[in-house]
Amino acid sequence: MNMKIFVDTDADVRLARRIRRDTVERGRDINNVLEQYAKFVKPAFDDFVLPTKKCADVIIPRGGDNHVAIDLIVQHIRTKLGQHDLCKIYSNVYVIQSTFQIRGMHTLIRDRETMKHDFVFYADRLIRLVVEHGLGHLPFTEKQVITPTGSVYTGVDFCKQLCGVSIIRSGESMENALRACCKGIKIGKILIHRDGDNGKQLIYEKLPRDIAERHVLLLDPVLATGNSAVQAIELLLQKGVPEARIIFLNLISAPEGIHVVCRRFPRLKIVTSEIDAALNEEYRVIPGMGEFGDRYFGTDDDGPDVIYDTPLKMSRHLN
């Protein structure tokens, strides 16, 4: 069960309700009702109903008269109903809460008539939101500081052991937002050849030497088939990064890609801003937003897949 609720009503109220119901609706006399209650109803309640109280997620005293508790439950259920179906299947998938601002920005970056400078501007805003949400899933430690007024403020300290890894080239569009949020963060690179979109050929990787000791934010704006993501995640695991320390950030995700990644790696987290409908026969996300890298970097369909022409230049950029 998704939610187990125990309605804790006073025993006197329960008995009064039974007497009223059995005498008015069933024509019994009070002595008969009390005898049945003492011999069967109360013992059955003590043996079978009351013990379930310890298994309940929520205990509601006073039943239907407790309007505060009922409102909280209604709000929780509405939140669950508002989640994407995949978030109900995979507890490690997180979609940032949609607002009119977020929907408006998605409308702009998905519009094929949007010019490059507008596409980049609104894509960067959405990326920043995804990055901030992803950082919220990192572990924090409590920290006390002294304010300028001399008072003690109890807050939290950011996770120090952190790095980003972008899947070239679209993932590089998310690096600026990560740097803006995490000053001086190390960012690695992974290049995977997408021939036939099977994502099986690793071309290049340049990762921090101590990556096994860090939490990793994996960057790729679009999760489509999930093949390239799986290749990148497997590489991180080979480098010693625990699966639970990987957070995969993207702008939009296809259900097919989420299934592939979550079934293969159930302990990592996926943070996205929207889950689209499906993939088409060409493995493109529908409705999607086209070729993200081409639109963001201003290259045409025949342009290069990588903005660096040699691994040496890429290494210099990383260093």
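Q: What is the pLDDT average of the protein chain, and where is confidence lowest and highest?
A: The protein chain averages a pLDDT of 88, and 91% of the residues score at least 70. Confidence is lowest in helix H11 (residues 311-318), with a mean of 44, and highest in strand S9 (residues 215-219), at 97. Over residues 302-319 the pLDDT is below 50, although this stretch has 23 contacts in the model beyond near neighbours in sequence. Where pLDDT is low, the predicted coordinates should not be read in detail.

Q: Why does Ile252 count as buried?
A: Buried means under 20% relative accessible area. Ile252 has 1% relative accessibility, and therefore it counts as buried. Ile252 belongs to strand S11 (residues 246-253). Leaving aside residues up to four places away in sequence, Ile252 touches residues including His106, Arg110, Leu223, Val285 and Met289. The C-alpha atoms of Ile252 and His106 are 9.5 Å apart in space, while 146 residues separate the two in sequence.

Q: Are Cys87 and Cys181 buried or partly exposed?
A: The cut-off for buried is under 20% relative accessible area, and partly exposed lies between that value and 50%. Cys87, at 14%, therefore counts as buried. Cys181, at 23%, is therefore partly exposed.

Q: What makes up the largest nonpolar core?
A: This core has 35 residues, and those with the most contacts inside it are Leu178, Leu217, Leu249, Leu251 and Phe292. Among the elements that give two or more residues to this core are helix H5 (100-110), helix H6 (116-135), S9 and S11. H6 gives the most, with 8 residues. Another core, of 30 residues, lies apart from it and includes Leu86, Tyr90, Val93 and Ala229. In soluble globular proteins, nonpolar side chains tend to be buried together.

Q: How do you know that strands S4 and S5 pair?
A: Two strands pair if at least two bridges are found between them. Strand S4 (residues 141-146) and strand S5 (residues 152-157) are joined by 6 bridges and run antiparallel, and so they meet this criterion. Val145 has Tyr153 in S5 as its bridge partner. The two strands form a hairpin with 5 residues between them, and Gly150 in the turn has a positive phi of about 85 degrees.

Q: Which peptide bond at Arg169 is cis?
A: The bond joining Ile168 and Arg169 is cis, with omega about 0 degrees. Arg169 is found in the loop between strand S6 (162-168) and H7. Most peptide bonds are trans.

Conventions
Residues numbered from 1 in each chain as written. Predicted model: local features only at pLDDT ≥ 70, side-chain atom pairs only at ≥ 80, totals over all residues. Heavy atoms only, no water. Helix = DSSP H or I, 4+ residues; strand = E, 2+ residues; numbered from the N terminus. Buried < 20%, exposed > 50% of the residue type's maximum accessible area, 1.4 Å probe, protein only. Contact = heavy atoms within 4.5 Å. pLDDT = per-residue confidence, 0-100. Core = buried A, V, L, I, M, F, W, Y, C linked by side-chain atoms within 4.5 Å.
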